[in-house]
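Visitor: Can you walk me through this one? I'd like the layout and then some side chains.

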Amino acid sequence: MRARIIITFTLLIALFSASHAEVMECYSFNPVAGKQTVMIERMSEVAKIQERFGAHVDIYAIEIGGSGTQFDYCMRWDTPQDWGTSKDAMAASSDLQAWFSEEQKTPSARLLSSVEAFNLDGEVKASSFSAPAYFRAWTGMEAEYGKEMEVQARLKRMEELFEKSGIRVEVYTSDFGSPQGFHFIMFAESRLDFVTKMEATTQSVELAKEVAEFQASGNPWIYAENTSDAGITGYAIR
């Protein structure tokens, strides 16, 4: 427990000292039976309200993985400072209070989980995410005690390799909500675009060699034994 507290405190200080890191909050939902269309409409309504307070909102339909008929509602901000200002304003908004009050009376969705995450790339802007987009993500990769920087470096190297083929990659870390740990997310404009760019990785002799060398250098001992990383795929509907 003490080791866990030390890790949490260290990550918290490091993340909030990175004043230019994108902040993301994602909420995963299942629609109430028979109310999927209503749920999406209501998500779009509240997104317009929250964007007035500086959040950038994307809604994702999960295809593979996840739980049930899962949809993820994700808010992003350019910096932790933007996050704080925006969230405080939302908390005081009568429009948002009215929306949530109405949703509670006749729920259209059931919350499955929520997570707060920080982008490891301080140059990424919340507004750079947009639909249409297809994604593949591996979430909840936890580092062994004392191995956080090794895991982070390895994931950033993976990001470099895949982005050489044209795929967008973002690496996040989270310590609040679920799943915790590191998150590796790959974006493309469509499924075909994703496949085409992945094929380019194997067709490039130089890139294929780099990937092989990277795979051979793997050290499984830097990951926690109980790590619960899970792969999911999906696409943006907003």
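Predicted model: local features only at pLDDT ≥ 70, side-chain atom pairs only at ≥ 80, totals over all residues.

Visitor: Okay, how do the strands run in the barrel?

Guide: The barrel is closed and has 8 strands, in the order β1-β3-β2-β8-β5-β7-β6-β4. Pairing is antiparallel. From one strand to the next, the twist averages 35°.

Visitor: How many bridges join β4 and β6?

Guide: There are 4, in the antiparallel sense. Val115, for one, has Gly177 in β6 as its bridge partner.

Visitor: And which strands does helix α3 lie across?

Guide: Helix α3 (residues 80-91) lies across β1, β3 and β4. It runs at about 115° to β3. Helix α5 (residues 148-163) lies across β5, β6 and β7, at about 5° to β7.

Visitor: Switching to packing. Which residues touch the most other members of the largest nonpolar core?

Guide: Met43, Ala55, Val57, Tyr73, Met75, Trp77 and Met90, out of 19 residues. Helix α2 gives the largest share, 5 residues.

Visitor: What does Met90 touch?

Guide: Beyond its sequence neighbours within four places, Met90 contacts Gln50, Phe53, Ala55, Met75, Trp77 and Leu96. Another core, of 18 residues, lies apart from the largest one. Ile167, Val171, Phe182 and Phe194 are among its members.

Visitor: Now charges. How many salt bridges does the whole structure have?

Guide: The search finds 15. One joins Asp58 and Arg76, with the closest N and O atoms 2.7 Å apart. Asp58 is in strand β2 and Arg76 in strand β3, 18 residues apart.

Visitor: Are those two buried or exposed?

Guide: Both Asp58 and Arg76 are buried.

Visitor: What about Glu51 and Arg238?

Guide: Their side chains meet in a salt bridge, 3.1 Å from N to O. Glu51 lies in helix α2 and Arg238 in the segment after β8, so the pair ties together parts 187 residues apart in sequence. Glu51 is partly exposed, at 30% relative accessible area. Arg238 is partly exposed too, at 24%.

Visitor: Which residues are linked in a network of salt bridges?

Guide: Arg157, Glu160, Lys164 and Glu210.

Visitor: Last one. Where is Glu116, and how far away is the nearest side chain of opposite charge?

Guide: Glu116 is in strand β4. The nearest side chain of opposite charge is Lys87, 7.4 Å away. Glu116 is buried but has no salt bridge, because that distance is beyond the 4 Å cut-off.

Key:
Residues numbered from 1 in each chain as written. Heavy atoms only, no water. Helix = DSSP H or I, 4+ residues; strand = E, 2+ residues; numbered from the N terminus. Buried < 20%, exposed > 50% of the residue type's maximum accessible area, 1.4 Å probe, protein only. Lys, Arg positive; Asp, Glu negative; His and termini not counted. Pairing = 2+ DSSP bridges. Axes fitted to C-alpha atoms, helices over the stretch in contact; angles between N-to-C directions. Contact = heavy atoms within 4.5 Å. Core = buried A, V, L, I, M, F, W, Y, C linked by side-chain atoms within 4.5 Å.
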